[in-house]
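Visitor: I have not looked at this structure before. Please show me how to read its features.

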Amino acid sequence: MLLGKAGLGKAKDVLDTLGSSMTDLSSGGFASGVATKGEELRILAFEVANTIVKSSNLIESLSEENIMHLKEIVLYSQGVQNLVSNDFDELLRLVAADKRQELEVFLGEVVRFGNRSKDFQWHNLQRYFDRISKELTPQRQLNEDAVLVVKQLMVLVQYTAELYQELQVLDRLQKDYDQKRREEENSASSSKGDGLAILKTELKSQKKIVKSLKKKSLWCRGFEEVMEKLVDIVHFLLLEIHNIFGDADDKPLKKGAADSDKRLGPAGLALHYANLIVQIDTLVARSSSITSNARDSLYQSLPPSIKLALRSKIKSFKVDKELSVTQIKDEMERTLHWLVPIAANTTKAHHGFGWVGEWGSTGTDFTSKPSGGDTLRIETLYHASKEKTENYILGQIIWLQHLVTKAKSDAQGASRLSSIKSSFNSSNQQLTSEPLGVPLVTVEEQKMLQEVIRRERTPCVSKSQDFDSEHYSRVRKCDPLSKSSEYFRGVRRSKSVAAVKRFSSGFSLVDFVIDKEKALDVIDRVDVPRDYRALLKEGSLSF
């Protein structure tokens, strides 16, 4: 026992403080006169294991390396500076108050264990701790021994966690065995399977495992042995916190409840606001597929003060230029990159410390690094200003609204473009799959053209009358210049000759008979010999 002498001295001081009339412990009465020295922790081992883990985490956070990290990095981080305070001394006072509060929790559990002891010398340890806290004298040997003892106790804690799990397995096997035995006893059949024998073997093996772990864990440790070590750890922590922070936490304690109400932790809002921040971050990550239920869930979770300010802020929100979805996300990331880690720390701190059985089920190794020792309360939303935090959350919600609107607009535009491309590709596919001679006309227009083809033709009634190839050849033989000349030959020639005679006295005129006929043919679009059906197929005709 490394701290046996220190623990013996502590016990003597306790008895002196309580005014005990017992014999002087320095004479050896402590070792020989205690009738309950053989008392074991047994079932109390699991509670003691939780208490030891708390002390280990606290000692780890007070190490020289972690205190340097606190003062050089943590207190100057964006989250702490933006949400808590940018006053270094104030931040240090908050951290000191947190450490003293953690010590009070640990100290209170040690006092409770002492009161449960059958040996009254461990009762009312609070009076002893109050006295030594006023007479803090550095003890180098005590500091070194306390750190070593905590490491040894953590090995016992690891075995205790494993014992908890194996006891659960043993309990299940015992129930299965008892049930199987009752079933076979009530069974009318004479033939019985090997199920009961197998369960019996497994049960026996499990009992051996539990027995071995009890010897390795806190279960079989003496109550007095463990109490001596816990008292020494309390003494060490009182000295260590005083050496690091001094009286730095006096001022925050004098501010009263008014200041506490302005911070999320004392107001009971830290975890709720952390969940809001995580929800916002999740929605930003999937902005293109945010459902109405997700938006409603976020809005319903907002505190009344944020809801009240949200309506006016959204109406007055403006950006200097149009931003893309990526640019909006980048703008939000400037805040989320330091805001989300603080929210995650808050959730972790809330759920991080579990019962000893949870450690065993997760396979946590406490001998390598204490659980939760890397997260300080100052790194969570506990000390965050309620007003500052709400302003940042409000800003993120407004940007989120802008992001959702922009993402929705881009999605609709992409959908329209996709529809146009699909229609265009479909048309191209139809054109390439059908003969090039098929006209791009509607079904109704095609019926009208077919009706024209079937219509009974009356030759020489109109120059716009359609001609088939046989009729066209016959007319062409009559007049190589125009298909219309057969009908108008006599009329046009008589008029043109008269015109020449009328102006022959003083003017030289040119006979325009041929040119007029060509002009008429051009008007009637029969100046080029083509098959009408060919025109129909090419789609050159329209109505």
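The dialogue below goes from the overall make-up to one helix and then to pairs of helices.

Visitor: What does the secondary structure of the protein come to?

Guide: Keep in mind that this is a predicted model. The protein has 24 helices and zero strands. Of its 543 residues, 37% are buried. Among contacts with a separation of 6 or more, 82% are between residues 24 or more positions apart.

Visitor: How do I read a single helix? Which residues of helix α7 are buried?

Guide: An α-helix has 3.6 residues a turn, so residues three or four places apart point the same way. Helix α7 covers residues 125–132, and its buried residues are Leu125, Tyr128, Phe129 and Ile132. Viewed down the axis of α7, these buried residues lie within an arc of 95 degrees, so they line one face of the helix.

Visitor: And how do I describe two helices that pack together?

Guide: Two packed helices are described by the angle between their axes and the distance between the axes. Take helix α6 (residues 88–116) and helix α10 (residues 223–245): they pack at an angle of about 165 degrees, with their axes 10 Å apart. Angles over 145 degrees count as roughly antiparallel, and α6 is therefore roughly antiparallel to α10. The crossing of α6 and α10 is left-handed.

Visitor: Which residues make the contact of α6 with α10?

Guide: On α6 they include Leu92, Val95, Leu103 and Phe106, and on α10 they include Met227, Leu230, Ile233 and Leu237. The residues of this contact divide into 17 nonpolar, two polar and two charged.

Visitor: At what angle do the axes of helix α3 and α10 cross?

Guide: Helix α3 (residues 45–61) and α10 have axes that cross at roughly 25 degrees and come within 11 Å. The two helices, α3 and α10, are therefore roughly parallel to each other. Their crossing is left-handed. Val48, Ile52, Ser55, Leu58 and Ile59 of α3 meet Val226, Leu230, Ile233, Phe236 and Leu237 of α10. The residues of the contact of α3 with α10 are nine nonpolar, one polar and no charged.

Visitor: How do the axes of helix α14 and helix α17 cross?

Guide: The axes of α14 (residues 270–285) and α17 (residues 325–351) cross at roughly 140 degrees and come within 8 Å. That angle makes α14 oblique to α17. The crossing of α14 and α17 is left-handed. Residues in this contact include Ala270, Leu271 and Asp281 in α14, and Lys329, Met332 and His350 in α17. The contact of α14 with α17 has 13 nonpolar, four polar and two charged residues.

How values were computed. Residues are numbered from 1 along each chain as its sequence is written. This is a predicted model: local features need pLDDT of at least 70, side-chain atom pairs count only at pLDDT 80 or more; totals for chains, interfaces and linings use all residues. Side-chain values use heavy atoms; hydrogens and water are left out. Buried means under 20% relative accessible area, exposed over 50%, partly exposed in between (1.4 Å probe, protein chains only). Helices (H or I, at least four residues) and strands (E, at least two) are DSSP runs, numbered from the N terminus. The arc is that of the directions from the helix axis to the C-beta atoms. Axes are lines fitted to C-alpha atoms, for helices over the stretch in contact, and angles run from 0 to 180 degrees between N-to-C directions. Angles under 35 degrees count as roughly parallel, over 145 as roughly antiparallel, 65 to 115 as roughly perpendicular and the rest as oblique. A crossing is left-handed if the near helix is turned anticlockwise from the far one by less than a right angle, and right-handed if clockwise. Contact means heavy atoms within 4.5 Å. Ala, Val, Leu, Ile, Met, Phe, Trp, Tyr, Cys and Pro count as nonpolar, Asp, Glu, Lys and Arg as charged, and the others, Gly among them, as polar.
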